[in-house]
Amino acid sequence: MTTEKEQRLRDKLLPEIEAFKAERSTLQLATQDANGVPNASYAPFALADDGFYILVSELARHGTNLKASKQLSVMLLEDEAEAKTVFARKRLTFDATAELVARDSETFTKGVAALSARFGEMIDNLAGLGDFNLFKLNPHQGLYVKGFGQAFSLSGAELLDVDWKRDGHHGTPKADLAQDDIELAETAN
């Protein structure tokens, strides 16, 4: 059962996280090929009510990797110019599963429409090319970092459960947090 203080923390952080996602145009991708060799890249994205959508070419390494391995890590990152310090940039990371969306599906139409609304007609042109594939990224668990000592794990089906992390992003059970620690998390900027 969620306490009143935990609910206030959640009520404050979730809108902030949603705004942070809306302010970003691209996300960083950590993918791996069939042999487990990692690759870091990025892709423009659109967020719909059922997940993140990206349109990538299978000629690109990350496009091939997403077809070979559905597991990936994703990061949305505050721009260096906006950050108070480059040592603690705001970021949202999450583990996800990539789902290749069939071209003849309603989900494909929905994902392309979301991307087109955000990026314009270039998406329609790219979606018409045979080497471009639409992927829906389904998050499992995440971490939102606001700054030093301000890391919050996200879990649940839509990453709506929030837990303040106190030990190097690995976490402390809520029961072990002092009451004034929870209050501090609520007022953290």
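Predicted model: local features only at pLDDT ≥ 70, side-chain atom pairs only at ≥ 80, totals over all residues.
Is Glu4 buried or exposed? I looked it up: Glu4 is exposed at 61% relative accessibility (exposed means over 50% relative accessible area, buried under 20%, partly exposed in between; 1.4 Å probe, protein chains only).

I number residues from 1 along each chain as its sequence is written, and side-chain values use heavy atoms, with hydrogens and water left out.

Salt bridges next. I take a side-chain nitrogen of Lys or Arg within 4 Å of a carboxyl oxygen of Asp or Glu, and that rule gives 10 salt bridges.

Glu4 pairs with Arg8, closest N and O atoms 3.4 Å apart. Both sit in helix α1 (residues 4–23), 4 residues apart, so about one helical turn separates them (helices are DSSP runs of H or I, at least four residues; strands are E, at least two; numbered from the N terminus). Arg8 is partly exposed at 37%.

Glu16 bridges to Lys146 at 3.3 Å. That pair links distant parts of the chain, helix α1 and strand β7 (residues 132–147), 130 residues apart. Glu16 is partly exposed at 21%, whereas Lys146 is buried at 7%.

I also checked Asp50 and Lys110, whose side chains meet in a salt bridge at 3.5 Å, N to O. Asp50 lies in the loop between β3 (46–48) and β4 (51–57), Lys110 in helix α3 (residues 106–119). Shared partners join Asp49, Asp50, Lys110 and Lys136 into one network.

Last entry: Phe87, in the loop between β5 (71–77) and β6 (91–100), is exposed at 68%.
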